[in-house]
Amino acid sequence: MNDSAMKKAYLALQQHIRHSMAASPLADKMPLVIGASKTQPEPVLEAAIAAGLRDFGENRMQEAQAKWPALKHAHPEVRLHYIGKLQSNKVQEAVALFDVIHTLDRAKLADALKREMDVQNRQPMVLIQVNTGEEPQKSGVRPAELEALLAHCKAIDLPITGLMCVPPAEQAPAPHFALLYKLAQQYGLKELSMGMSGDYIHATQMGATMLRIGTALFGARQ
Ligand SMILES: *Cc1c(COP(=O)(O)O)cnc(C)c1O
């Protein structure tokens, strides 16, 4: 994708988001657009930065470490979001490279993050991933276990800023977004990371503050 195609795609996306907000009282502020850039090579990332995108999400630590340190150095205004499954043995890399971690889902990982944040004296924003569809193969804490995980994070002094979900692929996303919104309200959490290329309109209308957009921005994955 060249610079002008990328600019067009980004502008069109922003227009769709703005248009969808007009109809919804829950969408009171333009959500942050995060480019889900897994598999996208450096020239595509450069084109997206040139088009004005500042936030990028990656799923695999190894790939992120190969692609981003040099780009981040060249573009210090870029913010990196970790949106993949986080292994405990990758916490050091995650805290060093990322500005927002969307996928905390267990107490042991919270402990490891807190420890590493203290060691590095870096405080990435942390969101808890909720497995709203209670799918056995999917990451995320079950809704019923969220309260206990939040209490644990509070006890170890790890601030939690919001919630994230990936609805089951074969279901209507709206009930999952509604559940995430309700949980965030219940626990006084500000950020709602929900909505991808196929359902970002719904997510925006249901109060998303962060959208994770891959194909609708970058085209098909390589
Ligand atoms: C890849 C990915 C996205 C973006 O998916 P698209 O359908 O391409 O927009 C969003 N969130 C997560 C967690 C992803 O892995």
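A salt bridge (a side-chain nitrogen of Lys or Arg within 4 Å of a carboxyl oxygen of Asp or Glu) joins the side chains of Arg79 and Asp55 in this predicted model, with an N to O distance of 2.7 Å. Arg79 belongs to strand S3 and Asp55 to strand S2, so the pair ties together parts that are 24 residues apart in sequence; helices (H or I, at least four residues) and strands (E, at least two) are DSSP runs, numbered from the N terminus. Asp55 is buried, at 2% relative accessibility, whereas Arg79 is partly exposed, at 37%; buried means under 20% relative accessible area, exposed over 50%, and partly exposed in between (1.4 Å probe, protein chains only). Residues are numbered from 1 along each chain as its sequence is written, and side-chain values use heavy atoms, with hydrogens and water left out. Because the model is predicted, local features need pLDDT of at least 70 and side-chain atom pairs count only at pLDDT 80 or more, while totals for chains, interfaces and linings use all residues.

By the rule given above, the count comes to 12 salt bridges. One of them is formed by the side chains of Glu77 and Arg54, at 3.8 Å from N to O. Glu77 lies in the loop between helix H3 (61-74) and strand S3 (79-82), and Arg54 in the loop between helix H2 (42-50) and strand S2 (55-58), so this pair ties together parts that are 23 residues apart in sequence. Glu77 is partly exposed, with a relative accessible area of 35%, and Arg54 also counts as partly exposed, at 28% relative accessibility. A further salt bridge links Arg60 with Glu63, the closest N and O atoms being 3.3 Å apart, and Arg60 is partly exposed at 45% relative accessibility. Through salt bridges that share partners, Glu58, Arg60, Glu63 and Lys67 are joined into one network.

The side chain of Arg212 instead reaches the backbone oxygen of Cys165 at 3.1 Å, and a polar atom of the Arg212 side chain lies 2.9 Å from the backbone oxygen of Ser193. When neighbours within four places in sequence are left aside, the residues in contact with Arg212 (heavy atoms within 4.5 Å) include Ile34, His102, Met164, Val166, Met194 and Gly195.

Arg212 is also one of the residues that surround the ligand, among them Ala36, Ile83, Met196, Ser197, Ile213, Gly214 and Arg221, a residue being assigned to these surroundings if one of its heavy atoms lies within 4 Å. A polar side-chain atom of Lys38 lies 2.7 Å from an oxygen atom of the ligand, and a polar side-chain atom of Asn59 likewise lies 2.7 Å from a ligand oxygen atom. On the backbone side, a polar atom of Thr215 is 2.9 Å from an oxygen atom of the ligand. The protein covers 88% of the 390 Å² of accessible area that the ligand has on its own, with areas taken from the Shrake-Rupley method with a 1.4 Å probe, where for residues only the protein chains shown count as cover.

Glu191, in strand S7 (residues 191-193), counts as buried at 12% relative accessibility. A polar contact of 2.7 Å joins the side chains of Glu191 and Thr209, the term denoting a pair of N or O atoms within 3.5 Å; within protein, one must be able to donate a hydrogen and the other to accept it, and residues adjacent in sequence count only if both atoms are side-chain atoms. Apart from residues up to four places away in sequence, Glu191 touches Met125, Thr161, Gly162, Leu163, Thr209 and Met210. Glu147, in helix H6 (residues 146-155), is partly exposed at 48% relative accessibility, and its side chain makes a polar contact of 2.8 Å with the side chain of Tyr187.

Ala220, in the segment after helix H9 (215-218), is exposed, with a relative accessible area of 64%. Residues up to four places away in sequence not being counted, Ala220 touches Gln40 and Thr215; the C-alpha atoms of Ala220 and Gln40, 180 residues apart along the chain, are separated by 9.4 Å.
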